[in-house]
Amino acid sequence: MFPLPDPMRLALDAARQAGQAGEVPVGAVVMRQGEVIATGANAPRRLHDPTAHAEIQAIRAAAARLGRDRLEDCDLWVTLEPCAMCAGAIAHARIARLYYAASDPKGGAVEHGPRFFAQPTCHHRPDIYSGMGEGEAAGLLRDFFTARR
Ligand SMILES: [Zn+2]
């Protein structure tokens, strides 16, 4: 096994932090030209905000930091296959590349369910790479849900 790229390591760290805060452990990082622009941790319970998924948190913070709504020169790294809401946000933000670790047959919208980026009504499709860090990301989720039972 070769080491994971740093952005996925950071996303996994953010996922771990979310889990420690009692949230479903999902983390995301926005990168631009090798630089970390923003990180996001899943936080809907803590923030009383159903839209506070890791991807949304990271995209909002990155857009605020760069002072614009389009992130066409940025990549998003996330530990879980994005849901329909986050896939929509990724398209609106014009994210260049999407990297996600674990796939999500129940809530994912990239390779499952609505397959958002494959729809004719989707006006921006990032390059998509999946599977890096899959074992670790899925392990965090499994441990989290096992502990809750
Ligand atoms: Zn989402």
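Reply: Tyr129 counts as partly exposed, at 37% relative accessibility. Here buried means under 20% relative accessible area, exposed means over 50%, and partly exposed lies in between (1.4 Å probe, protein chains only). This is a predicted model: local features need pLDDT of at least 70, side-chain atom pairs count only at pLDDT 80 or more, and totals for chains, interfaces and linings use all residues. Residues are numbered from 1 along each chain as its sequence is written, and side-chain values use heavy atoms, with hydrogens and water left out.

Now the rings. The structure holds 4 aromatic pairs. In one of them, Tyr99 and Tyr129 have ring centres 4.9 Å apart and planes at 20°, so they are stacked. This pair joins distant parts of the chain, 30 residues apart: Tyr99 is in strand E4 (residues 97–102), and Tyr129 is in strand E5 (residues 127–130). Tyr99 is buried, at 13% relative accessible area. Phe144 and Phe145 make an edge-to-face pair, 5.2 Å centre to centre with 85° between the planes. Phe144 is buried at 10%. Phe145 is partly exposed at 40%.

The cut-offs for rings are these. Rings of Phe, Tyr and Trp (its six-membered ring) pair if their centres lie within 6.5 Å; planes under 30 degrees apart are stacked, over 60 edge-to-face, and the rest tilted. Strands (E, at least two residues) and helices (H or I, at least four) are DSSP runs, numbered from the N terminus.

Ring pairs also bring in a Trp: Trp77, Tyr99 and Tyr129 are linked into a cluster. Trp77 leads on to Val29. Contact means heavy atoms within 4.5 Å. Leaving aside neighbours within four places in sequence, Val29 is in contact with Pro7, Leu10, Ala11, Val36, Ala38, Thr39, Asp75, Leu76 and Trp77. Val29 lies in strand E1 (residues 27–32). Val29 counts as buried, at 0% relative accessibility. Val29 and Ala15 are 14 residues apart in sequence and 10 Å apart in space, C-alpha to C-alpha.

Next, the metal. The zinc ion has three protein donors, His53 (ND1), Cys83 (SG) and Cys86 (SG), lying 2.1 to 2.3 Å from it. Their spacing along the chain is H-x29-C-x2-C. His53 sits in the loop between H2 and H3 and Cys86 in helix H4, so this pair ties together parts that are 33 residues apart in sequence. Donors are N, O and S atoms within 2.8 Å of the metal (3.2 Å for Na, K and Ca); water is not among the atoms, so sites may look incomplete.

His53 is partly exposed, at 23%. Not counting residues up to four places away in sequence, His53 touches Asn42, Cys83, Met85 and Cys86. Cys86 is in helix H4 (residues 84–93). Cys86 is buried, at 0%. With the same exclusion of residues up to four places away in sequence, Cys86 touches His53, Glu55 and Ile56.

In an unreviewed UniProt entry, the annotation "binding site" covers His53, Cys83 and Cys86. They are spread over 34 residues of sequence but cluster in space, with a largest C-alpha distance of 9.2 Å. UniProt positions are in the numbering used here, feature names are shortened, and annotations may be inferred rather than shown by experiment.
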